[in-house]
Amino acid sequence: MSVWLLVHPPLLGPAVLQPLAEELRRRGDTVAVPDLRAAVATAPGWPQRWVSAAAAAGPAEVVVGFSGAGIVLPAVAAAAGARRVVWLDAVLPTGTWPEEIRELTGPRVRDGRIADWTTWWGPDAMTGLVPDERVRTAVLAEGHELPADFYDVAVPVPGEWPDDDVRYVHLSAAYGAEAAAARARGWTVVGDGTGAHLDVANDPGRVAHLLG
């Protein structure tokens, strides 16, 4: 039995990870999925607030960061005392956000806030992205807006973090460059990138298997 800490991305709430948490619990594991949305209500200092809020969920053997959570994952893993760290179709910790994210979010800023991610793809898109009505309703209920300057904040990588047992789980083609960069770092990379980013919610059994 393992103790897991699942970390949702800034653009979404914890509901997107609940199907995976349920799958891990079925295996007999203990899983925490803290709600970290309050940490990103304002931009300055958000990485420190995020790490503190995640670590408040308690010690964890394995820390998993999904999507945008990957950029701050080393600090979370260190604070949680993890022995394994898993990037799940996630941004790598380089200190700054990829330029593609700025290009994607820039046109979506209104009145000083970045639009709720669940609205980005059109009014009916979420039905296709998350077919399960129960899961989709929970994800939509947690929709929130980030401050316009959110991606301007540097995210420092600690000098020391638990990097002896690191894995990158590659779900979707959109994260092919990240998976390749993880492989170049010498990390274990699993998954072939032929699935979808939200398989984390739609196919939790397969994703749990890839987590190892």
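Which residue is the bridge partner of Ile-114 in strand 7? The bridge partner is Leu-146. The structure described here is a predicted model, in which local features need pLDDT of at least 70 and side-chain atom pairs count only at pLDDT 80 or more, while totals for chains, interfaces and linings use all residues. Residues are numbered from 1 along each chain as its sequence is written, and side-chain values use heavy atoms, with hydrogens and water left out.

Helices (H or I, at least four residues) and strands (E, at least two) are DSSP runs, numbered from the N terminus. Strands of a sheet pair through backbone hydrogen bonds, in either a parallel or an antiparallel manner. Here, two strands are said to pair if DSSP finds at least two bridges between them. Strand 6 (residues 113–114) is joined to strand 7 by two bridges, and these strands run antiparallel. Both belong to an open sheet of three strands in the order 5-6-7, with antiparallel pairing. Strand 5 (109–110) and strand 7 are the edge strands of this sheet, each pairing on one side only.

Strand 3 pairs with strand 1 in the parallel sense over four bridges, and Leu-6 stands opposite Val-64 of strand 3. Strand 3 also runs parallel to strand 4, to which five bridges join it; in strand 4, Leu-88 is the bridge partner of Phe-66. Burial is classed by relative accessible area: under 20% is buried, over 50% is exposed, and values in between are partly exposed (1.4 Å probe, protein chains only). Five of the five residues of strand 3 are buried. Val-62, Val-64 and Phe-66 point one way from the strand, whereas Val-63 and Gly-65 point the other way.

With a relative accessibility of 11%, Ser-67 counts as buried. Contact means heavy atoms within 4.5 Å. Leaving aside neighbours within four places in sequence, the residues in contact with Ser-67 are Pro-9, Leu-88, Asp-89, Ala-90, Val-91, Tyr-175 and His-197.

In helix 1 (residues 18–26), the residues Pro-19, Leu-20, Ala-21, Glu-23 and Leu-24 are buried. The elements that cover them include strand 1 (3–7), strand 2, strand 4, helix 6 (133–141), helix 8 (199–202) and helix 9 (204–211). Gly-28, which follows helix 1, has a positive phi near 100 degrees.

The axes of helix 2 and helix 3 (residues 73–80) come within 9 Å and cross at roughly 40 degrees. Such axes are lines fitted to C-alpha atoms, for helices over the stretch in contact, and angles run from 0 to 180 degrees between N-to-C directions. Val-51, in helix 2 (residues 46–55), is buried, with a relative accessible area of 15%. The C-alpha atoms of Val-51 and Val-76 are 5.1 Å apart, although the two residues are 25 residues apart in sequence.

Rings of Phe, Tyr and Trp (its six-membered ring) pair if their centres lie within 6.5 Å; planes under 30 degrees apart count as stacked, over 60 as edge-to-face and the rest as tilted. The whole structure contains 11 aromatic pairs. The rings of Trp-87 and Trp-161 have centres 5.6 Å apart and planes at 65 degrees, so this pair is edge-to-face. Trp-87 lies in strand 4 (residues 84–88) and Trp-161 in the loop between strand 7 (146–147) and strand 8 (166–169), so the pair ties together parts that are 74 residues apart in sequence. Trp-87 is buried at 0% relative accessible area, and Trp-161 is buried at 16%. A tilted pair is formed by Trp-97 and Phe-150, with 6.1 Å from centre to centre and 45 degrees between the planes. Both Trp-97 and Phe-150 are buried. These two residues also belong to a cluster in which ring pairs link Trp-46, Trp-50, Trp-97, Phe-150 and Tyr-151.
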